[in-house]
Amino acid sequence: MHMPNLKDAKIRTNKKVETKLASNLKSEKFKNKKYFIKTYGCQMNVHDSEEIKGIVENLGFSETINLEESDLVILNTCAIRENAHDKVFGFLGRVKHLKKDKSELIVCVGGCMPEQESVSNLLKEKYPFVNIVFGTHNINDLGKMILESSNKQNIEVYSVEGDIYEGMEYKRDSKYSAWVNIMYGCDKFCTYCIVPYTRGKQRSRKIEDILKEVQELKDKGYEEITLLGQNVNAYGKDLESDYGFAKLLEETAQIGISRIRFVTSHPWDFTDEMIDIIAKYDNIMPYIHLPLQSGSTNILRLMGRRYTKEEYINLYNKIKNRIPGVSITTDIIVGFPNETDEDFNETLEVVDKCKFDGAFTFIYSPREGTPAAKIKDNIDLKIKEERLQKLNEKINNYSLEHNKEYLGKKVKVLVIGASEKGEGKMCGYTETMKLVNISGAEKDLGKIIEVEITEAKSFSLDGNKVIKINN
Ligand code: SF4
């Protein structure tokens with residue numbers, strides 16, 4: 001996407017120095033001040049918000065979950081999901097109201113949405129009360145921008161990626177499960193996807209920086225890490241070495257952290273070496289999210305996905321055969337332009353063959369600036385909704401079938417918090433990423449415990465704690 005009004009990236013030649021400056025920004029000015037942050041979208045954004053929290057807490061702010069008592073509001077936005085776009089502008093209406101009574105309130109909008117020129121322009125013209133607008137490439141500048149904020153709107157969004165910063169202080173949401181970014185951006189350019197335009201081209205972090213971060217997390221007592229990237233298994237393809245994702249996975253496993261996960265994999269980059277490494281190490285979790293998107297080779301071609309229906313099924317079977325007990329989930333889009341009934345039936349056929357453990361399913365809607373948005377969105381919404389419903393019924397049945405296999409079994413669960421079910425129950429995830437509501441685990445937050453499964457539903461399991469296996 002051409003963004004003539006956005007600034008070119010700054011040339012950052014010494015990232016260590018910049019990072020040091022960023023963490024030295026602590027200011028008396030913001031002592032006892034509070035910030036409110038709202039995050040939209042994917043895990044990448046959730047992890048970016050952990051970085052943003054680190055930056056503003058360095059300035060002296062402390063977090064509040066009460067918008068009304070905040071002195072700084074930050075919206076970390078998403079451009080992938082259409083409803084996230086609407087929600088951001090809806091929420092800004094609330095903030096505008098608040099700012100009428102609190103003129104010193106600092107309002108920041110960042111993340112993927114401002115990377116779209118139309119959004120930046122809209123913020124400039126219709127939302128002048130927003131003090132700071134920043135993009136995905138200059139989160140590191142946020143501290144400085146807040147320090148220098150004034151009533152004049154400051155928009156700093158860069159159309160070109162800058163360096164990768166190391167040594168940032170994250171305020172992680174969890175003390176036992178951590179995200180570890182291994183790369184930024186994506187080079188795949190699937191025709192419907194805005195990510196390569198909002199997040200830029202692929203940039204892998206250096207191996208030694210990633211391994212250092214994982215080691216530090218282990219030393220701090222983290223039980224689980226998730227290696228994070230938009231196309232995580234393309235890791236290293238932009239580095240001047242043969243070091244790829246499989247090798248990184250292996251060296252990460254050797255550090256000895258209890259659980260290693262990774263999202264999101266592209267089938268095209270899934271190598272035999274990766275499968276072997278996952279099978280070899282007990283601490284690499286037997287769970288893979290492998291987006292299918294469509295079961296029709298014709299539609300996959302239009303989507304620019306680089307694999308056929310048959311290639312996907314072959315890969316799926318290879319993973320299932322070589323990694324014992326692996327669970328596989330997927331993403332599927334229905335109603336892509338020109339998707340015929342036959343195309344959709346092919347998707348259902350692949351679902352019947354693969355019997356996924358679960359799936360995130362979406363109705364296609366165009367994203368401005370993507371190649372697919374230039375193709376006429378010619379599938380009636382009613383048809384899209386019918387297809388989605390049919391697909392979801394199938395997915396849910398298979399999900400329930402898989403979950404029933406757990407009945408009466410004892411599984412290891414990392415306890416992550418209180419269950420939404422209430423009744424003093426806790427919840428957590430199995431190695432295969434099944435959500436479990438657990439009785440008798442009130443004191444086990446952050447621990448891996450053994451749980452006997454007593455009930456299976458489509459989206460979760462119920463169980464009782466058996467014994468502690470590590471504390
Ligand atoms: S691989 Fe994923 S992030 Fe990259 S362009 Fe395709 S859908 Fe978007």
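Student: Which residue just after α7 takes a positive phi?

Tutor: That is G221, with a phi of about 95°. This is a predicted model: local features need pLDDT of at least 70, side-chain atom pairs count only at pLDDT 80 or more, and totals for chains, interfaces and linings use all residues. Residues are numbered from 1 along each chain as its sequence is written, and side-chain values use heavy atoms, leaving out hydrogens and water. Helices (H or I, at least four residues) and strands (E, at least two) are DSSP runs, numbered from the N terminus.

Student: How many residues does α7 have, and how far does it reach?

Tutor: Helix α7 covers residues 207–219, which is 13 residues, and runs 18 Å from its first C-alpha to its last. That is close to the 18 Å expected at 1.5 Å a residue; the expected span is 1.5 Å times one less than the number of residues.

Student: Which residues in α7 are buried?

Tutor: I207, D209, I210, L211, E213, V214 and L217. Buried means under 20% relative accessible area, exposed over 50%, and partly exposed in between (1.4 Å probe, protein chains only).

Student: And what do the buried residues of α7 pack against?

Tutor: They pack against β7 (177–181), β10 (224–228) and α8 (245–255). Contact means heavy atoms within 4.5 Å.

Student: New topic. What is the strand order in the open sheet?

Tutor: Six strands, in the order β2-β1-β3-β4-β5-β6, with parallel pairing. The edges are β2 (62–63) and β6 (154–156), each pairing on one side only. Two strands pair if DSSP finds at least two bridges between them. Strand β5 (residues 132–134), for one, is joined to β6 by three parallel bridges, and V133 stands opposite I155 in β6.

Student: Which strands does helix α3 touch?

Tutor: Helix α3 (residues 82–101) packs on the sheet, touching β1 (34–39), β3 (72–77) and β4 (106–111). The direction of α3 makes about 170° with that of β3. Axes are lines fitted to C-alpha atoms, for helices over the stretch in contact, and angles run from 0 to 180 degrees between N-to-C directions.

Student: Where does N66 lie?

Tutor: N66 is in the loop between β2 and β3. Its relative accessibility is 34%, so N66 counts as partly exposed. The side chain of N66 reaches the backbone nitrogen of E68 at 3.1 Å. A polar contact is a pair of N or O atoms within 3.5 Å; within protein, one must be able to donate a hydrogen and the other to accept it, and residues adjacent in sequence count only if both atoms are side-chain atoms.

Student: Over to α13. Why does its span agree with what it should be?

Tutor: At 1.5 Å a residue, the 24 residues of α13 (residues 381–404) should span 34 Å, and the end C-alpha atoms are 34 Å apart, so the two agree.

Student: Is S399 buried or exposed?

Tutor: S399, which is in α13, counts as buried because its relative accessibility is 6%.

Student: What does S399 touch?

Tutor: F356, D357 and S458, leaving aside residues up to four places away in sequence. A polar atom of the S399 side chain lies 2.7 Å from the backbone oxygen of S458.

Student: Last one: how many residues are between β16 and β17 in the hairpin?

Tutor: Four, and M433 in the turn has a positive phi of about 70°. Strands β16 (residues 426–430) and β17 (residues 435–439) pair in the antiparallel sense over four bridges, and M426 has I438 in β17 as its bridge partner.
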